[in-house]
Amino acid sequence: MLDIDQDIRPQGLASNSVDIVLCAGMLNSVKDIDSALGQITELLSPGGWLVFSEPTGEWPPILLTQGFMMTPANGDHDQGRSGLRDADIWRARVKAFGGECLPALPQADHPLAALGMQVFAARFKAGVQRLSVDSLRRALAERLPDYMLPAHLQVLDRLPLTANGKVDRKTLAGWRPAADAQASSSQEAPSDPLSAELCRVWADALGLAQIGVEDSFYEKGADSLILARVAGQLREQLPQAQRLSYDTLLRQMLNEPNVAALARLLNQGEATPATVAASGEAQRSSSSNALVVPFGGVTSARCG
């Protein structure tokens, strides 16, 4: 189900993510038909279909039974016309958004034509190459280390631009679908106060509603700068972390980037063999491309 009067992303949907949209006699009731068609066009994948049924005239039986549910033109409930349009107007609006309409049914000489209801089918983005998010993710995984893989991929028709013609990064940042930005119900919940606090800290650092104890920080959008910032934050806020050096905390999160492993280290109060480096020596994890290099009393975290 989709409320076409609202943005698709807060409803958990992404652009270019569906192959068909079905609308049964409801486009006449939207607040703005062009806005609704724009939302549908964005939602459809290349070659996707919009199939909708609509009354093609202000037929009295339809106005009597459905008129109270319709949004009148300009919101004028006293004098505004209904949202019912003839077939030519529907085809023109669909064409304006790049849709290719098939002949509407029933045709004029069909007995059902007298009922004043027609079914339209339009194909969108027919000349656009389909790009699968899954195939793109697999291709990136073959070429990039885990920490460089994007936490979220989305295929866009075009990038949002500012009035100056530059990429509107603020708008782009808000285009992550709500269902993806939040943790799924299958996530393992924290089982103790320390894990719960670590989940809270990391969720805040990544701008997420919540994070599971086994979720990879990298997969949720972390990078080496965020890891370094959180390491410092943990030493300031948690007594368990104050017993460990900054280097040890950072190295732990680089090598085992999840809350469960971090909680084990903090509960032990000392570094595990996998996270202890010889003084003054660089250490590279065998399970990631992270390299922690101590020099001059400062630790440098490099990924690559």
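This is a predicted model: local features need pLDDT of at least 70, side-chain atom pairs count only at pLDDT 80 or more; totals for chains, interfaces and linings use all residues.
1. Salt bridges in total. The structure holds eight salt bridges.

2. Arg9 and Glu42. These two side chains form a salt bridge, with the closest N and O atoms 2.7 Å apart. Glu42 sits in helix H1 (residues 33-43), while Arg9 sits in the segment before strand E1 (18-24), so the pair ties together parts that are 33 residues apart in sequence. Arg9 has 2% relative accessibility and counts as buried. Arg9 has another contact as well: it lies over the face of Trp175, at 4.2 Å from the ring centre.

3. Asp34 and Arg93. Asp34 meets Arg93 at 2.7 Å, N to O. Asp34 is partly exposed at 32% relative accessibility. Arg93 is partly exposed too, at 25%.

4. Lys125 and Asp157. Their salt bridge spans 3.0 Å, N to O. Lys125 lies in the loop between strand E4 (117-123) and helix H4 (133-143). Asp157 lies in the loop between H4 and helix H5 (169-173), 32 residues apart from Lys125. Buried or partly exposed? Lys125 is buried at 12% relative accessibility, whereas Asp157 is partly exposed at 35%.

5. A network. Salt bridges link Glu197, Arg200 and Asp204 in a network.

6. Phe52 and Phe120. The structure has three aromatic pairs. In one of them, the ring centres of Phe52 and Phe120 are 4.9 Å apart and the planes meet at 15 degrees, so the pair is stacked. Phe52 is in strand E2 (residues 44-55) and Phe120 in strand E4, so parts 68 residues apart in sequence are tied together. Phe52 is buried, at 1% relative accessibility. Phe120 is buried, also at 1%. Together with Trp90, Phe52 and Phe120 form one aromatic cluster.

7. Trp202 and Phe217. This aromatic pair is stacked, at 3.9 Å centre to centre and 15 degrees between the planes. Trp202 lies in helix H7 (residues 193-206) and Phe217 in the loop between H7 and helix H8 (224-237), so the pair ties together parts that are 15 residues apart in sequence. Trp202 is buried at 0% relative accessibility. Phe217 is buried, with a relative accessible area of 0%.

8. Helix H10. How many of its 10 residues are buried? Eight are, so by that count H10 (residues 246-255) is mostly covered. Among the buried residues are Thr248, Arg251, Met253 and Asn255.

Methods:
Residues are numbered from 1 along each chain as its sequence is written. Side-chain values use heavy atoms; hydrogens and water are left out. Buried means under 20% relative accessible area, exposed over 50%, partly exposed in between (1.4 Å probe, protein chains only). Helices (H or I, at least four residues) and strands (E, at least two) are DSSP runs, numbered from the N terminus. A salt bridge is a side-chain nitrogen of Lys or Arg within 4 Å of a carboxyl oxygen of Asp or Glu. Rings of Phe, Tyr and Trp (its six-membered ring) pair if their centres lie within 6.5 Å; planes under 30 degrees apart count as stacked, over 60 as edge-to-face and the rest as tilted. A charge sits over a ring if NZ of Lys or CZ of Arg is within 6 Å of the ring centre and within 35 degrees of the ring normal.
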